[in-house]
Amino acid sequence: MSQATTMEPLSARIPGDLYLWLAQLRVEGATTNSDKLRVLLGQLKRQHDGALDYAAAHAWARDLTGQLRESLVVLEGQGGAHSEVLGAILDHTTAALALIVSHAPKDASQAAKLEDVLVRRSFALCEALLRQAITASAAAHDPEVVRRHVARTVELAASLPLTKGA
């Protein structure tokens, strides 16, 4: 049986610039300032309590990068410019932040599992960037961006000793 949530009034005076920001802020599932405050305070409470699961943390991280994502969509709509490189980095950052925010390991085993998934995701990003480096020009806003930064990584990778079964 679920307990009914009671709504309590809250009154606060805030600076005008903060009020204008809140009024213009887009918050999923909220249209009025009261709705926005409820959603934002709920997110803050879940973060504070450490109760964000991976899906909720992922949605929160996507919200944090929403302005960037929207501006990239606008750029793509205006001129067809699309960056697989930037998309891969944004996806990695969102997923990594969600994993970090949603985990609080209680023992070494849980810490090792978190470490494993973060390293796996990080190498997946590295692989995506290396795939862009093998082409004549990367699918990026700056086609040379990956090649400018890849040399040291390739040098390090070439120095790795190969182990059996790897």
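How do the residues of the lining of the second largest pocket divide into nonpolar, polar and charged? They divide into 12 nonpolar, five polar and two charged, where Ala, Val, Leu, Ile, Met, Phe, Trp, Tyr, Cys and Pro count as nonpolar, Asp, Glu, Lys and Arg as charged, and the others, Gly among them, as polar.

A word on the model: it is predicted, with local features needing pLDDT of at least 70 and side-chain atom pairs pLDDT 80 or more, while totals for chains, interfaces and linings use all residues. Residues are numbered from 1 along each chain as its sequence is written, and side-chain values use heavy atoms, without hydrogens and water.

A pocket here is an open set of points on a 1 Å grid over the protein atoms alone, where a 1.4 Å probe fits and protein lies on both sides within 12 Å along at least five of seven lines; lining residues have an atom within 4 Å of a point. Volume is the space filled by probe spheres set on the points, which are joined across faces, edges and corners.

| Pocket | Volume |
|---|---|
| Largest pocket | About 800 Å³ |
| Second largest pocket | About 550 Å³ |

In the second largest pocket, 19 residues form the lining, and Leu10, Ser34, Leu37, Arg38 and Leu41 are the closest to its centre. Helix H2 gives the largest share of this lining, six residues; helices are DSSP runs (H or I, at least four residues) numbered from the N terminus.

Now to the largest pocket. Its lining has 21 residues, with Leu25, Arg26, Val27, Asp63 and Leu64 nearest the centre. At least two residues each come from H1 (16-24), H2 (33-49), H3 (54-64) and H4 (66-79), and H2 supplies the largest share, six residues. By class, this lining holds 11 nonpolar, four polar and six charged residues.
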